[in-house]
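Work through the exercises below with the model open. Each task is followed by its solution.

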Amino acid sequence: MGSRAAMVGTERALAMLRSLPRLTLANVKNPNNTQATKRGRAQHGGDKHGAGNKGSGQRQNYMRIGYETGNNPFYLRFKYEPYYQGHHLRRQYPPMSLLKLQRLIDTDRVDPSKPIDLVSLVGTGLYNFNPGQKHYGVNLTDYGADSFKAKVNIEVQWATELVIAAIERNGGTITTAYYDPDCLFAMKNPEKFFCRGIPIPKRMLPPPDAAVYYASANSRGYLADPTKISEERLVLAQKYGYELPKIEDDPDYQMLTIRKDPRQIFYGLEPGWVINLKNECILKPTDKDLLKYYAT
């Protein structure tokens, strides 16, 4: 009887082991572990999931940006001012200082014995502009005005009174001139433009908001009266206290007085001409209508 009872107990134990799950770390409990169960944060033990208890926080219905709980909001109390209206249309003039211009002359990158214009400055490889980004030429700044000693005949697109005085003090001349985007693309890379085999375009007149500047003798505009420019040269010399050199007696008088025609882009080249670099020749129009178009 004893052996039979032992066999029954053994079978029951084996059957129980077959039904129990396998021994893993998940079902093993350390009886010496005294770590307390973590309780959720905040008053309700974390069962609100960060949404609070009542109100808009619970319903996730937050106030819109700018709402001031019943007050007239800030963006309605003050008048709208379009600070950046039309900013993508404003003309930009990448700067070049008088100090850099003097350095270009001292290192023989720019020849002061010839008229200097935007083409000369870009040809140095040390000044760049992008007409596609509304760049309309060079802005000659007054940094280095005290150390500027060169005598030049320079044409820029923007200059201040101090810059004009620094150049005229040394016996030089300066002109501010406007170029439209088509002309600027041709001046940025003349060789590439000539290889296209198209006529040199004529320069357009400045827009109304720039016409006053380029027609003023104070800014030495290319559309200003030469007589008034001579008067303003003397007035500026008296204002800054230097003796104005008489360019009529200067041996470089002819070079200092070279000016472009208001329709001209390149020195020595007229609008309407086609430059053939391969055959090294210039094709000039002969039709009367074309000559009239490029002359007016």
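**Exercise 1: the sheet**

Helix α4 (residues 98-106) lies across β1 and β2, at about 65° to β1. Contact means heavy atoms within 4.5 Å. Axes are lines fitted to C-alpha atoms, for helices over the stretch in contact, with angles from 0 to 180 degrees between N-to-C directions. Helices (H or I, at least four residues) and strands (E, at least two) are DSSP runs, numbered from the N terminus. This is a predicted model: local features need pLDDT of at least 70, side-chain atom pairs count only at pLDDT 80 or more, and totals for chains, interfaces and linings use all residues. Residues are numbered from 1 along each chain as its sequence is written, and side-chain values use heavy atoms, without hydrogens and water.

Task: In what order do the three strands form the open sheet?

Solution: The order is β1-β2-β4, with parallel pairing. Strands pair if DSSP finds at least two bridges between them. β1 (95-97) and β4 (158-159) are the edges; each has a single partner strand, so one side of each lacks a neighbour in the sheet. Two bridges join β2 (residues 139-141) to β4. Leu-140 has Ala-159 in β4 as its bridge partner.

**Exercise 2: a helix pair**

Task: At what angle do α6 and α10 cross?

Solution: Take the axes of α6 (residues 161-169) and α10 (residues 226-240). They come within 10 Å and cross at roughly 95°. The two helices are therefore roughly perpendicular (65 to 115 degrees). Next, list the contact. Glu-161, Leu-162, Ile-164, Ala-165 and Glu-168 in α6 meet Arg-233, Leu-236, Lys-239 and Tyr-240 in α10.

Terms used:
Angles under 35 degrees count as roughly parallel, over 145 as roughly antiparallel, 65 to 115 as roughly perpendicular and the rest as oblique.
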